Amino acid sequence: MRHLQTVILWLLLFVPSMAMAQCELENTAFKSGEVLSYNLYYNWKFVWVKVGTGSMSTQASRYEGKDAFKCSLITRGNGKLDKFFIMRDTLTSYITPSLVPLYFRKGAEEGEKYTVDEVWYSYKGSQCSVKLHRQHKDGTHRWSNEKKNECIFDMLNIFVRARSYNTAGWTKGKIIKFPIADGKDVTTAQLKYEGKETVKGDDGVKYRCLKFTYAEWNKNKKKYKEFGRLYATDDANHVPVRIDMTLNFGVAKAYLTHTKGLRNNTTSKIK
């Protein structure tokens, strides 16, 4: 009987790790202490105007007593943009060292709209479960839960995760589909590989980049809607050099200005 109890206890401890294991991916792209900085631009009357800055950082941390990475993405518009549209976004994602999502939060002040989205992840058996929370500007709250027999991601985690994809042998048009969660619901999204391009950052350097488009499924129109394009260095770091974003008020772009604490050599620079 004691042996049986030991086996049952072992299974109870092991089953959740089996669920998480299917979502694991080896981190080859970044390390703790990395900081990426960007200039933000907005297309105003056919002219690209610098309207703010952004930064993305990764730090070793703890989440519920276990080792984790804390990833942060912050965008701040300046006075030029505030005249037309206020943009203050802070995204935080906790992930395991093997890039499994644990928690996500997005606080977004965009125009007259302010929301806080939160996603909590849990794993059991073959299922990934998420608890979703959205707080509106008027203080009202919306809660929901969803489960899927596949890994669920959030907009920051998938951004970080994609940097460790092994793109060797990829051909133009390759598509990776996945469920994406915010504080409201879970929908289907996709990354599409569009080949290689040369992109110049605001650091004055030209990089050989991998180009991706990001799109989400629109259930009303029954087709994918593109929300952004990502140009990442064609080396082991996969640092985003340029990010195009389709926002509620128009199109914005982010260009790399500075990097700190990169894990690998930047071999994608074009002299």
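## Strands that pair

Two strands count as paired if DSSP finds at least two bridges between them. With that in hand, we can look at this structure, which is a predicted model.

Start with strand S1, which covers residues 34-44, and strand S2, which covers residues 47-63. These strands pair in the antiparallel sense, and eleven bridges join them. To see one of these contacts, find Tyr41: its bridge partner in S2 is Lys50.

## From S2 to S3

S2 also pairs with S3, again in the antiparallel sense, here over twelve bridges. A spot to look for is Gly52, which stands opposite Gly77 in S3.

S2 and S3 form a hairpin with two residues between the strands. In this hairpin, Glu64 takes a positive phi near 50°.

## The second largest pocket

Glu64 turns up again here: together with Met20, Lys66, Thr96 and Leu102, Glu64 lies nearest the centre of the second largest pocket. This pocket has a volume of about 360 Å³, and 15 residues line it. Helix H1 (2-21), strand S3 (66-77) and strand S6 (113-124) each give two or more residues to the lining.

Which element gives the largest share of the lining? That is S6, with four residues.

Definitions and conventions: Residues are numbered from 1 along each chain as its sequence is written. This is a predicted model: local features need pLDDT of at least 70, side-chain atom pairs count only at pLDDT 80 or more; totals for chains, interfaces and linings use all residues. Side-chain values use heavy atoms; hydrogens and water are left out. On a 1 Å grid over the protein atoms alone, a cavity is a set of points where a 1.4 Å probe fits but cannot get out, and a pocket is an open set with protein on both sides within 12 Å along at least five of seven lines; lining residues have an atom within 4 Å of a point. Grid points are joined across faces, edges and corners, and a volume is the space filled by probe spheres set on the points.
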